[in-house]
Amino acid sequence: MADPFPFYRRLREGGPVRRVVTVRGMEAWLVTRYGDAREALTDPRLTSDLRGATDPRLLEQLPSAERTSAMRSMVRLDAPDHGRLRRLVSKAFTARRVAELEPRVQAITDRLLDAIIPAGRADLIKDFALPLPVTVISELLGVPLTDRDRFQEWTNVLLTQRPDRPDLAATERAWRQMWSYLEGLLAAKRTDPADDLLGALITARDRDQRLDEGELVAMAFLLLVAGYITTVNLIGNGIVALLAHPAQLKLLRDDPGLLPGAVEEFLRYDGPVNPGILRVAAENLEIGGVAVPRGATVIIATAVADRDLTEFPEADRLDVTRTAGAHLAFGHGIHYCLGAPLARLEGRIAIGTALRRLDDLALAVPYEELPWQVAGLRGLEHLPVTFTPVNC
């Protein structure tokens, strides 16, 4: 996990669609090349509904609580239900709301850095990259400050599961606790309405349609959990990539105007999802000239595709001046990440402010000793660093 990309490169060079077996023993078809991956993400024959999978272990590996909630989630629905739910959420989760968050994101970022600067060392995941998006999404949704630590604890249970020996009892317990908590929080907001995203979802309408109760809780769950986990990884992966490439770090420090493009490059070079997006073949089809049978589990390996040399010259090289906006880190098509503007905003502010305020930033341990997550995402569990504070 410290560097999976040489292995990914061999997979991609070996064929556009590879038949693989996961560590849990499930057979899947891995889509490895950029053009095929981009096309597969918009192919209606590849469904987001996992219930059609031939291999029952795809769902059996999930705790019953996750199976129940996941099937009501927007990410597991196809058209037209996906479009109906997305329109409802889009009305509450607007670009205006995201733009208005910039001063608050900056204030939270500075407060977190103020707390760690005196020590001259920190764990930039635990002390910075994690609490920043947790605070932002909690405030946006209207989750009380006193409850945020509970969500971090529950999510940590999910993120620390090893795919080869998961603790399904602990995972199910965490999902059920989060689901029950959200049901209670939504009920409280109906009684005492608030001007926040959950309040807006409760009242959202689309041609007189509403989110039903299960869809509402699933949407709140998705926005809360997905609203911060991947952003943590974007910030952590971006910073550690710069530390491993001092010349790129200097470029960014010398020209902060490169930051928006650099965030896109971090997403392409070492994005927060690993290896990619899950689909099920709804019928027999071909991907990249390879026959994929109906019911097959298909992994659209966006992390592999974003290193495809045919799309990104010198793709294995970090280049903060690159135009990398065509990456697939946020997906593509109707399931393109709704929270992408917020993630970009948080990544730009967090990484830019850290570089401005933490001079002589360096790893406190050898790169090879950094602990990487193993639960289907791409991010660090800890990022120990040392630095000299800058008074700005």
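Mentor: Two strands pair if DSSP finds at least two bridges between them, and helices (H or I, at least four residues) and strands (E, at least two) are DSSP runs, numbered from the N terminus. This is a predicted model, in which local features need pLDDT of at least 70, side-chain atom pairs count only at pLDDT 80 or more, and totals for chains, interfaces and linings use all residues. Residues are numbered from 1 along each chain as its sequence is written, while side-chain values use heavy atoms, with hydrogens and water left out.

Trainee: In which sense do strand 1 and strand 2 pair, and over how many bridges?

Mentor: Strand 1 (residues 17-21) pairs with strand 2 in the antiparallel sense over five bridges, and Val17 stands opposite Val31 in strand 2. Strand 2 also pairs with strand 8 (residues 297-300), here in the parallel sense over three bridges, where Val31 stands opposite Ile300.

Trainee: Why is helix 9 largely enclosed?

Mentor: Buried means under 20% relative accessible area, exposed over 50%, and partly exposed in between (1.4 Å probe, protein chains only). Helix 9 (residues 131-141) is largely enclosed by the rest of the structure because 10 of its 11 residues are buried, among them Pro131, Val134 and Leu141.

Trainee: Which peptide bond is cis, with omega near 5°?

Mentor: Most residues other than glycine have a negative phi, and most peptide bonds are trans. The bond from Ala79 to Pro80 is cis, with omega near 5°, and Pro80 lies in the loop between helix 4 (64-70) and helix 5 (81-92). As for phi, Asp360 is not a glycine, yet has a positive value of about 55°, and its place is in strand 9 (residues 358-363).
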